[in-house]
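Please read them with the structure open.

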Amino acid sequence: MGSRAGYMMSRRQILRLTGTGLGLAVFGAGVVGCGPEEEADVPGGSVTPGGDKSGDTFTTPPPGTAPEPLWEANAANTGLAGNDALAAVGDVVLVSGDPLVGRDIVSGKEKWSRKGVTTPGAALLVGGGTLYLASAEYDGDVVGLDPATGKETWRSRLGKKYEQPRPIAADDRHVYVLAGILEKDFTTPNNVIAAIDTMSGKIAWREQRDAGTEEFGITAAAVGGRLVYTDYRENVTVRDTATGRQLWTKKISRSNNRRFAVHKSLVIVADGRRLRAFALADGKERWSLRTEEFSSFNDPHVLDGVLYAADSARGMWAVDPGTGKQIWHNEDLRESATQAWQFAKVEGTLYGATEFDEDGGVHAFDASTGKLRWTYNDHTGDIQQWYVVAAGDRLAAMHGRRLYALPAV
């Protein structure tokens, strides 16, 4: 039979050639190219007809035609890391899992791999060029790795009286961690949020959170001297990153434990039918935008100064994040696209990753109108959510335990 890459026809090729229609773009009329395809598992990655091994020759397909991956490889992703299971730092794509792996975005080749370096489901949090993780030894340490090499460059800890600290955000000065306060009976009814100085490794500040607040369901970001986080308790909270002082906290009408957006002096959250913008300084509501009846907004993203969000009725929105004024609202996707939960943008194209839908995948939208250009789907039938991040002129897309590189320009 010869080698799999050189002589065996891939399953996707067979489907295209038998006229099943899977070779057509999912929502358009173009035909995917039918050239030979290579696949390789870890550690080598692979290169497909979209580009050569140096990554010098590829183009984004025209509207109506889905691309072929430039390469694809196995991933150890378990889906436990939530929003932050996939990240790109420079030309390295990081995938959460065991082993924790860094791959070259151009070739797909494994640059480094570390087994047993962190806890299961660890989020990929990068600040000041360092990847911060909870130690796999459950010893209370927080470790920092160089994303380019996977080598440990930093280590610190809160102290023995705190249960395993978990990094929740990082910036150039601090890594911010959440930890339970151990009582004599080894329970943790209360918890703290703390900042560790990334230069000295010393605790910059440590603040006990209100009684009854939970340690889980936290989404956080450190931007412009403010630490912002949401939790299962339906709160939005903002602290000063220099002192840890809580500036304000506000209830919202539904649990918001996934992504929110920060734009200049505002934090923007999806709150049921509304996008709501609060001032970082004092928590006052600056604007609110309502979607249609019987629908709700998904996670907002601010990319290149524009806020993008999908709603549960499969509408797509572009909004001025400073004023809440609608730029466009595309309702033409209701019959053609599943809703996206995570976005990336490269030049004039907005990419959206879908979740829990076998007909979803990575959507490519015209960023100026919201019009759907194409959808990439690997046709595995797996309903697990997709992840997407931009890395130069490529996209890294992850679905289940497979990682793909797609052309982005």
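1. Salt bridges come first. The count comes to 13. Keep in mind throughout that this is a predicted model.

2. Start with Arg274 and Glu285. They form a salt bridge, with the closest N and O atoms 3.9 Å apart. Arg274 sits in strand β20 (residues 274–279) and Glu285 in strand β21 (residues 285–290), so the pair ties together parts that are 11 residues apart in sequence. Arg274 is partly exposed, at 24% relative accessible area. Glu285 is also partly exposed, at 35%.

3. Glu285 has another partner. It forms a salt bridge with Arg276, and here the closest N and O atoms are 2.6 Å apart. Is Arg276 buried or exposed? Arg276 is buried, with a relative accessible area of 10%.

4. Next, look at Arg394 and Asp393. Their salt bridge has its closest N and O atoms 2.9 Å apart. Arg394 is buried, at 4% relative accessibility. Asp393 is partly exposed, at 32%.

5. Some charged residues are joined in a network. Which residues does this network of salt bridges link? They are Asp141, Glu152, Arg155 and Arg157.

6. Now the sheet. Four strands form an open sheet in the order β2-β3-β4-β5, and the pairing is antiparallel. Strands β2 (86–89) and β5 (110–114) are the edges, each pairing on one side only. From one strand to the next, the twist averages 20°.

7. Inside that sheet, check β3 against β4. Strand β3 (residues 92–95) runs antiparallel to strand β4 (residues 100–104), and 4 bridges join them.

8. The largest nonpolar core has 33 residues. Which of them touch the most other members? They are Leu86, Tyr351, Val362, Leu395, Met398 and Leu403. Strand β30 (residues 386–391) gives the most to this core, with 5 residues.

9. Leaving aside residues up to four places away in sequence, Leu86 touches Val93, Leu94 and Val95, among others. Its contacts also include Leu124, Tyr387, Val388 and Val389. Ala396, Met398 and Leu403 are on the list too.

10. Last, a second core. This one is separate and holds 15 residues. Among them are Val306, Ala340, Phe365 and Leu372.

Definitions and conventions:
Residues numbered from 1 in each chain as written. Predicted model: local features only at pLDDT ≥ 70, side-chain atom pairs only at ≥ 80, totals over all residues. Heavy atoms only, no water. Pairing = 2+ DSSP bridges. Helix = DSSP H or I, 4+ residues; strand = E, 2+ residues; numbered from the N terminus. Axes fitted to C-alpha atoms, helices over the stretch in contact; angles between N-to-C directions. Core = buried A, V, L, I, M, F, W, Y, C linked by side-chain atoms within 4.5 Å. Buried < 20%, exposed > 50% of the residue type's maximum accessible area, 1.4 Å probe, protein only. Contact = heavy atoms within 4.5 Å. Salt bridge = Lys/Arg side-chain N within 4 Å of Asp/Glu carboxyl O.
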